[in-house]
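Look at the sequence and the 3D structure below.

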Amino acid sequence: QDTSPTDVKFNTDGTRMYVLGATGDDVNQYTLTTAFDVLGTVTFNGAFVVSNASRIPTGMTFDADGTKMYVVNDRYVDQYTLAATFNVLGATSLEGNFSVAAQDATPKGVAISSDGTKIYICGDTAADSFYQYTLTTPNDVRGTVTYNGSYSFSAQSNEPADMTFNADGTKVYLLSNDPDNVFQYTLTTAWDITGTVTYNGSFSIAGQETF
């Protein structure tokens, strides 16, 4: 489907997987026979092209109920609505976005809080930071989006690839291209990277993949 995949996500029950492709500028959707197990039967369903909005798509995520999809590129976080829950094949065209250029020109990942009031990007500039934004209207970037602050992970990585949170927002994970590691951080206040963030440690994936 794509020779330059930049992100992967699952739906909440693990029966669908999505791969964001920079070559086709699209989100590719797959069905898994065994939930969260890519070693079982995986069937390609189709793709949704985001090239009308995204220059080079580098990260994607969904809101908690799977009705909205967010794609980050070189300057913007773009928002789409899905006609059917966690089915990108019925996605709308671009319905709204906001610029992150004032914080980072090359964002590499995007995440959203479980209540939809905060969005985060992972920035690949000299700052090498997580950036946090508040949404006045939950899950909708068409309302007021306010930049809150950042947390620098430059002591661990200077080439981030993606970010994600655990379910309750008390931990954030950084996928890094240099070094080839996954880094873990704990948040004292759930879903708030502008509060106290503690680096916990990492593990290397260099034995499986080097970027």
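Asp124 sits in the loop that joins strands E11 and E12; strands (E, at least two residues) and helices (H or I, at least four) are DSSP runs, numbered from the N terminus. This is a predicted model, in which local features need pLDDT of at least 70 and side-chain atom pairs count only at pLDDT 80 or more, while totals for chains, interfaces and linings use all residues. Residues are numbered from 1 along each chain as its sequence is written, and side-chain values use heavy atoms, with hydrogens and water left out.

Is Asp124 buried or exposed? Its relative accessible area is 18%, so Asp124 is buried; buried means under 20%, exposed over 50%, and partly exposed in between, with a 1.4 Å probe and protein chains only. Leaving aside residues up to four places away in sequence, Asp124 touches Asp104, Thr106, Lys108, Asn158, Glu159 and Pro160, where contact means heavy atoms within 4.5 Å.

## Salt bridges

Side chains of opposite charge can pair when their charged atoms come close. A salt bridge here is a side-chain nitrogen of Lys or Arg within 4 Å of a carboxyl oxygen of Asp or Glu. Searching the whole structure gives six salt bridges. One of the contacts of Asp124 is Lys108, and Asp124 forms a salt bridge with Lys108 in which the closest N and O atoms are 3.0 Å apart. Because Asp124 is in the loop between E11 and strand E12 (129-135) and Lys108 is in strand E10 (residues 107-112), this pair ties together parts that are 16 residues apart in sequence. Lys108 has 22% relative accessibility, so Lys108 counts as partly exposed.

Another salt bridge joins the side chains of Glu95 and Lys68 (3.2 Å, N to O). Glu95 is in the loop between strand E8 (87-91) and strand E9 (96-99), and Lys68 is in strand E6 (residues 68-72), so the linked parts are 27 residues apart in sequence. Glu95 is partly exposed because its relative accessible area is 23%, whereas Lys68 counts as buried at 14% relative accessibility.

Since Asp162 lies in strand E14 and Lys9 in strand E1, the pair ties together parts that are 153 residues apart in sequence. Asp162 is buried, with a relative accessible area of 10%, and Lys9 counts as buried at 14% relative accessibility.

Strand E1 (residues 5-10) contains Val8. E1 and strand E2 (residues 16-21) pair in the antiparallel sense over five bridges; two strands pair if DSSP finds at least two bridges between them. Asp7 stands opposite Leu20 in E2. Five residues lie between E1 and E2 in this hairpin, and Gly14 in the turn has a positive phi of about 75 degrees.

In a regular strand the side chains alternate between the two faces of the sheet. Val8 has 41% relative accessibility, so Val8 counts as partly exposed. Together with Phe10, Phe36, Val38, Leu39 and Val42, Val8 makes a nonpolar surface patch of about 560 Å². Patches are made of residues with over 30% relative accessible area and no salt bridge; like charges are joined within 9 Å, and nonpolar side chains (Val, Leu, Ile, Met, Phe, Trp, Tyr) within 5 Å. Accessible areas come from the Shrake-Rupley method with a 1.4 Å probe, and for residues only the protein chains shown count as cover.

## Aromatic pairs

How many aromatic pairs does a search of the whole structure find? The search finds 17. The rings of Phe, Tyr and Trp (its six-membered ring) pair if their centres lie within 6.5 Å; planes under 30 degrees apart count as stacked, over 60 as edge-to-face and the rest as tilted. The rings of Tyr120 and Phe165 have centres 4.6 Å apart and planes at 50 degrees, so this pair is tilted. Tyr120 is in strand E11 (residues 118-123) and Phe165 in strand E14 (residues 159-165), 45 residues apart, and the pair links distant parts of the chain.

Tyr120 is buried, with a relative accessible area of 0%. Phe165 is buried as well, with 12%. One aromatic cluster is formed by Phe130, Tyr151, Phe153, Phe183, Tyr185 and Tyr199.
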